[in-house]
Amino acid sequence: MLHLRLITPSDKTDDVVRLIEKTAGTAHLAVVPGAARNPAGDLVLCDVAREAGDELLTNLQELGIEESGSIAVENIDLSLSKRADKAEEEAPGEGADAVLWEHLADATHEESTLSVTYLSFITLATMIAACGVVLDNAILIVGAMAVGPEFGPLAGFCTAIVQRAPRLALRSLIALLVGFAVAMLVTVGFSHFMDSVGLFSVEQLDAERPNTNFIYRPDWFSFVVAVLAGCAGTLSLTSAKSGALVGVAISVTTVPAAANAAVAFSYNEYRQAWGSTEQLLLNLLGIILAGTLTLLAQKWLWARQRERTAKASGL
């Protein structure tokens, strides 16, 4: 269940109340007239099943509540109420499958913003991966994948395509490109430093490296894994079940590929550098393609679900 806290102008409160009452899956409606001071208006509270949340939020925005008042949404971790149980039964679909597009846009906006923290994480992840590729240590590679924050702007770019939000697309693309560029540049310097103190060597890089040589040898399996991970990651962001996102982070070799390219470039090993760059671009393409198609499929399925619900309620 979701909890909505609305501040509505007094002349729109009745419209908001009628909208909430006719929306399947709502419960616990409360109105406190004149309670709001900034902006001035009435306070309207209600709970709504997650699967009905997007429809209600869309209709509230059509009333202009976000412009003249405010709409706040919170997740309810526990609700002991027979009315809440009934509301969830009446709402169409399953809560775990529901997509809150406004929440997704807001979350990806934050995750896809180029910031000092984002640059720090992606740079540290790339440096960790550099140690992993030189030492042929799969554990370090997995650790670097888990630290890397690049799925945020990837998800933001997919969301921007589906929602037709060019500003979010540009912001996500800038975060992705600048993030990898900075991380790889710093890793080149890091590699020179590690070489100067005798911890990295060209012999280690040119060795067979059975645990990590896949990073600079892209193939169709890399693309398939990237597509599957893109689908799983997008589903974890849009649904109530987000535990799979860590698994996605350690499934795709984006950060390790960038690290291998940087280390190889520092040793003038351009064949490895180009192979790693191909791996990186292939994985990014697979994730973006899969993420976009997953969001489009979810949008279409929920539109059909709404149509069926509307027809059923009209009978």
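Analyst: F190 is buried, and so is F200; buried means under 20% relative accessible area, exposed over 50% and partly exposed in between, with a 1.4 Å probe and protein chains only. The model is predicted: local features need pLDDT of at least 70, side-chain atom pairs count only at pLDDT 80 or more, and totals for chains, interfaces and linings use all residues. Residues are numbered from 1 along each chain as its sequence is written, and side-chain values use heavy atoms, leaving out hydrogens and water.

Rings of Phe, Tyr and Trp (its six-membered ring) pair if their centres lie within 6.5 Å; planes under 30 degrees apart count as stacked, over 60 as edge-to-face and the rest as tilted. The count by this rule is three aromatic pairs. In one of them, the ring centres of F190 and F200 are 5.9 Å apart and the planes stand at 90°, so the pair is edge-to-face. This pair links distant parts of the chain, 10 residues apart: F190 belongs to helix α9, and F200 to the loop between α9 and α10 (202-206). Helices are DSSP runs (H or I, at least four residues), numbered from the N terminus.

W220 and F223 also form an edge-to-face pair, with 5.8 Å centre to centre and 90° between the planes. Both lie in helix α11 (residues 220-238), and because they are three residues apart, about one helical turn separates them. W220 counts as exposed, at 66% relative accessibility, whereas F223 is buried, with a relative accessible area of 16%.

Conventions:
Helix = DSSP H or I, 4+ residues; strand = E, 2+ residues; numbered from the N terminus.
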